[in-house]
Amino acid sequence: MEELLFEISRDLLETGLRGFPIGYCTTSHVDPQKGLFYVGKPVAELSLHSPEDVIFLLYYGKEGSVEERAQFFHSLKLRSCCSEEAINHILKLPRSGHPMELFPAAILILGMFEGRKDYREDCLNLIAKLPHLTATLINHHAGWGKTEEPREDLGYMENFTHMLRVPNKDEDELTAVFKLFNVLHFDHGGGNLSTFVGKAVASGLEDMYGSIASAMCALAGPRHGRANQDCLEFVELVLKELGPHATAVQVEELIRHRLASSQLVFGFGHAVLRVEDPRATVQYDYVKKHYKDHPLVSTALLLRDAGTRVLKENPKITSPYPNVDAISGTLLTAAGFPYPEYYTLLFGMARSVGIAIQIVYERLEARGGKGVPIYRPKYLYKARN
């Protein structure tokens, strides 16, 4: 029987489970032609909604009344401050590592002091505390000084910007961009690596904090969350090589040269999408409106057109279009946050929201409340030659 299974499925093995349906996702889905949807709503339509409204939508699966949302927001504010004891231990973490090495450690520390071993309560507490936790970690890592506690009169990302001690920041401008970035990165279906890892760890009945910490370790790699940092560095490299007045022809020649010499072209392709990522489109529109004269923006826009045009010539490339990472780092830099080592951390702060909500479903609601069993895919034995 095992030999028959191998004969039937050997061409599907060692493919990273790509495309294998294994469960349900109640928060979001990705359509190859239409992009990302949150609870059936296109993310582009939600991109300028408040993060609190979108968190409510993901958590409850509905928009809710004004009164329901206000009560929910108030509940988040009451939970938003990390304990002094947890913060004191987080501030002892070494500053020498990459921020995405500190982030999972900080989440574990927070769980040691504040975890309740209750998936639903820990989900809400973690979501509420993420801005305080992330601002504290960035300020600590960057050496920007002590982080203020969250203020009750500020919103979710307004508080984050206020607590973040970015030198010479324009608070209103940064808040608008952080809110946009946050909403666009909350969730992305059930099978992306970080989400899958977080849910798989939770299936062993690890608590919420340990599960999210594991998810953030998965997010940290360059094939996943760190791609936004790599993409910005690529745009900066092109700008440095061609200068601020580059032409479309020059950018196209650079891309062709890189491909011919087996060098990477960053910011293109997607595992599911067969169109430009709508999250990228939203950000391209935003930078064209607000930062069209910024040299990085000009370069990124040239790359958008030239890269797609060149990659379309290769029939083996099924997704020659920009993904969300192609422009997000450029947007953050143009808005006054030119610190690419923290871009994956911003991604993680947002994505932890969707993963935590999906964990609640898999642990407490799936299969009529029994929860998804412990993950245990089958591997076939193969002798190494």
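**View 1. The lining of the largest cavity divides into nine nonpolar residues, one polar and one charged.** Here Ala, Val, Leu, Ile, Met, Phe, Trp, Tyr, Cys and Pro count as nonpolar, Asp, Glu, Lys and Arg as charged, and the others, Gly among them, as polar. The model is predicted: local features need pLDDT of at least 70, side-chain atom pairs count only at pLDDT 80 or more, and totals for chains, interfaces and linings use all residues. Residues are numbered from 1 along each chain as its sequence is written, and side-chain values use heavy atoms, with hydrogens and water left out. Among the lining residues are Cys-231, Phe-266, Gly-267, Tyr-284 and Arg-304. Helices α12 and α15 each supply at least two residues of this lining; helices are DSSP runs (H or I, at least four residues) numbered from the N terminus.

**View 2. Helix α12 (residues 227–242) packs against helix α15 (residues 295–311) at an angle of about 100°, with the axes 9 Å apart.** Axes are lines fitted to C-alpha atoms over the stretch in contact, and angles run from 0 to 180 degrees between N-to-C directions. The two helices are therefore roughly perpendicular to each other (65 to 115 degrees). The contact (heavy atoms within 4.5 Å) includes Leu-232 and Glu-236 of α12 and Pro-295 and Thr-299 of α15.

**View 3. The side chains of Lys-129 and Glu-114 meet in a salt bridge, at 3.0 Å from N to O.** A salt bridge is a side-chain nitrogen of Lys or Arg within 4 Å of a carboxyl oxygen of Asp or Glu. Lys-129 lies in helix α7 (residues 119–142) and Glu-114 in helix α6 (residues 99–114), so the pair ties together parts that are 15 residues apart in sequence. The structure holds 17 salt bridges.

Key
Parallel < 35°, antiparallel > 145°, perpendicular 65-115°, else oblique. 1 Å grid on protein atoms, 1.4 Å probe; cavity = no way out; pocket = protein on both sides within 12 Å on 5 of 7 lines; lining within 4 Å.
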